[in-house]
Each structure stands twice: as C-alpha cells, then as structure tokens.
Amino acid sequence: MSLNDNLSNALSNVLMDEKLGRPESTIKPSSKVIKKVLEIMKENRYVGDFEETKNAKGSILKLNLLGNINKCGVIKPRYIVKKGKFEKFEERYLLAKDMGILIVSTPAGIITHTEAKKKSIGGKLLAYCY
C-alpha cells in the first residue's frame with residue numbers, strides 16, 4: 001500500500017487482521033504517531049504488546065491482537081475540537097457514551113478524549129476505536 005496516510009493504513013491493517021481472527025498484525029512503515037496511537041490503544045486494552053524491528057527500508061511493528069476491537073479508523077478531516085466540545089464527535093464516532101475512545105493530538109501530546117476533558121484542553125481529532 002502506498003497511500004498517503006500511514007496512520008490510516010496502519011489502523012485499517014489492524015482492523016482487517018482483527019476481523020480475520022489473526023493473532024498478530026504487521027504494520028509498515030511505522031512512525032512516532034502510529035506508535036503513540038498503538039500505545040494508547042494498548043493502555044485501553046484494545047491491542048496487546050508490540051515490538052519494533054528495523055530493517056534497511058525502515059521499521060516494522062509486530063502487534064499482538066487481543067480480539068477486542070469492533071471498529072477503529074482515522075478521522076478525516078482532522079477536526080479541531082475546543083475544550084468541552086467533544087460531545088458532538090463522541091456521538092458521531094463512538095457507539096455510546098463511555099464506550100470507546102477518540103484519540104486527540106493536543107499541546108500536551110497525543111491522548112484520549114477523556115484525558116483531554118480532564119485536563120480541559122482541546123486539539124485535533126486523529127482516530128477512534130471501540
């Protein structure tokens with residue numbers, strides 16, 4: 001795949017491997033943003049551990065799947081959300097209240113929407129997972 005959005009490619013790859021019942025997913029190329037998004041998904045128990053191996057063409061991530069993802073993907077366009085205005089996007093991208101996560105790029109780093117609400121900061125929406 002040589003589409004422009006590496007995060008979108010990675011998440012669609014993970015979702016496809018998850019639906020096919022595979023125990024692991026291979027993601028290439030990897031980036032800091034992809035690794036951070038996967039770390040957040042790991043903290044919220046959607047995926048297992050992952051390890052990075054480097055080769056001549058770049059780095060490859062091997063991700064253990066737990067079977068906990070129903071749907072995940074990127075949010076395009078990357079909407080800017082002001083603090084306290086996450087409800088509209090929760091309704092649009094998540095199944096129900098407190099079910100799933102929105103991943104947001106904020107001045108405090110890449111975090112979930114619930115952390116952004118607690119810290120009372122806004123940012124750009126990157127992805128969702130439930």
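**Exercise 1. Find the residue in β3 that stands opposite E24, then place its strand in the sheet.**

Solution. E24 stands opposite N64 in β3. (Strands are DSSP E runs of at least two residues, helices H or I runs of at least four, numbered from the N terminus.) The model is predicted: local features need pLDDT of at least 70, side-chain atom pairs count only at pLDDT 80 or more, and totals for chains, interfaces and linings use all residues. Residues are numbered from 1 along each chain as its sequence is written, and side-chain values use heavy atoms, without hydrogens and water.

Next, the pairing. β1 and β3 pair in the antiparallel sense over four bridges; two strands pair if DSSP finds at least two bridges between them. The open sheet has three strands in the order β1-β3-β2, with antiparallel pairing. Its edge strands are β1 and β2 (47–55), each pairing on one side only.

**Exercise 2. Decide whether P23 is buried or exposed, and list its contacts beyond four places in sequence.**

Solution. Start with the location: P23 sits in the loop between α1 and β1 (24–27). P23 counts as exposed because its relative accessibility is 63%. The cut-offs are under 20% for buried, over 50% for exposed, and partly exposed in between (1.4 Å probe, protein chains only). Beyond four places in sequence, P23 is in contact with L63, N64 and L65. P23 and N64 are 41 residues apart in sequence, yet 6.1 Å apart C-alpha to C-alpha.

**Exercise 3. Why does S59 count as buried, and which side chains make polar contacts with the side chain of S59?**

Solution. S59 lies in strand β3. S59 counts as buried because its relative accessibility is 13%. Its side chain makes polar contacts with the side chains of S30 (2.5 Å) and E52 (3.0 Å). A polar contact is a pair of N or O atoms within 3.5 Å; within protein, one must be able to donate a hydrogen and the other to accept it, and residues adjacent in sequence count only if both atoms are side-chain atoms.

Notes. Contact means heavy atoms within 4.5 Å.
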